[in-house]
Each structure stands twice: as C-alpha cells, then as structure tokens.
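Good morning, everyone, and thank you for making time for this. I would like to walk you slowly through one protein chain, so please have the picture open while I talk.

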Amino acid sequence: MVINRSHFECLTLESAQAGLSWITILRKREHYRDAYANFDVVTVASFDETA
C-alpha cells in the first residue's frame, strides 16, 4: 500500500487533533511539518531514538 504525503499529513494531524480543537492543530501545522520531515513517509519510517 502506498501512502502519499497529503494522506500521511491528514492522518498525522487527525491523530494529533484527538481532544483538541482543529484551530489549535492548524496553528501548529508548520511545527508538525518540521517534526515529521515534511510528512515524508519513508523518512519518518526510518526515524529511530536518535532522530
């Protein structure tokens, strides 16, 4: 199964939203983009404890 960048972004933001308002998540969207390597699935999959 292939997950493209926009699907991965939606999945990540949706999971972060649980219990919070969407406006809170959207205001932090750029920070999530930085933390999740611009939502690159392959890069994120290679993260380990040092990343």
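Before anything else, please keep in mind that this is a predicted model. Let me begin with aspartate 40, which counts as partly exposed because its relative accessibility is 22%. Its side chain meets that of arginine 5 in a salt bridge, with N to O at 3.7 Å. This pair links distant parts of the chain, since aspartate 40 sits in the loop between helix 3 (29-35) and helix 4 (41-45), while arginine 5 belongs to helix 1 (residues 5-17), 35 residues apart. Arginine 5, at 41% relative accessibility, is likewise classed as partly exposed.

Now look at glutamate 9, whose side chain forms a salt bridge with that of arginine 29, at 2.6 Å from N to O. Glutamate 9 is in helix 1 and arginine 29 is in helix 3, so this pair ties together parts that lie 20 residues apart in sequence. Is glutamate 9 buried or exposed? With a relative accessibility of 10%, glutamate 9 counts as buried, because the cut-off for buried is under 20%. Arginine 29, on the other hand, is partly exposed, with a relative accessible area of 33%.

Glutamate 9 also forms a salt bridge with arginine 33, and there the closest N and O atoms are 3.0 Å apart. Arginine 33 lies in helix 3 and glutamate 9 in helix 1, so here the parts tied together are 24 residues apart in sequence. Through shared partners, salt bridges join Glu9, Arg29, Glu30 and Arg33 into one network.

The largest nonpolar core has 7 residues, namely Phe8, Leu13, Ala16, Ile25, Tyr32, Phe39 and Val44. Helix 1 gives the largest share of this core, with 3 residues. Which residues does leucine 13 touch, if we do not count those up to four places away in sequence? Leucine 13 touches Trp22, Ile25, Arg29, Tyr32 and Phe39.

The aromatic rings come next, and the search of the whole structure finds 4 aromatic pairs. In one of them, the rings of phenylalanine 8 and tyrosine 36 have centres 6.3 Å apart and planes at 75 degrees, so the pair is edge-to-face. Phenylalanine 8 is in helix 1 and tyrosine 36 is in the loop between helix 3 and helix 4, which puts the two 28 residues apart. Tyrosine 36 counts as partly exposed at 29% relative accessibility.

Phenylalanine 8 forms an edge-to-face pair with phenylalanine 39 as well, at 6.2 Å centre to centre and with 75 degrees between the planes. These two are 31 residues apart, with phenylalanine 39 in the loop between helix 3 and helix 4, and both are buried. Ring pairs link Phe8, Tyr32, Tyr36 and Phe39 into a cluster.

Alanine 37 has a positive phi of about 50 degrees although it is not a glycine. Asparagine 38, found in the loop between helix 3 and helix 4, has a positive phi of about 60 degrees and is not a glycine either.

Definitions and conventions: Residues are numbered from 1 along each chain as its sequence is written. This is a predicted model: local features need pLDDT of at least 70, side-chain atom pairs count only at pLDDT 80 or more; totals for chains, interfaces and linings use all residues. Side-chain values use heavy atoms; hydrogens and water are left out. A salt bridge is a side-chain nitrogen of Lys or Arg within 4 Å of a carboxyl oxygen of Asp or Glu. Helices (H or I, at least four residues) and strands (E, at least two) are DSSP runs, numbered from the N terminus. Buried means under 20% relative accessible area, exposed over 50%, partly exposed in between (1.4 Å probe, protein chains only). A nonpolar core is a set of buried Ala, Val, Leu, Ile, Met, Phe, Trp, Tyr and Cys residues joined through side-chain atoms within 4.5 Å. Contact means heavy atoms within 4.5 Å. Rings of Phe, Tyr and Trp (its six-membered ring) pair if their centres lie within 6.5 Å; planes under 30 degrees apart count as stacked, over 60 as edge-to-face and the rest as tilted.
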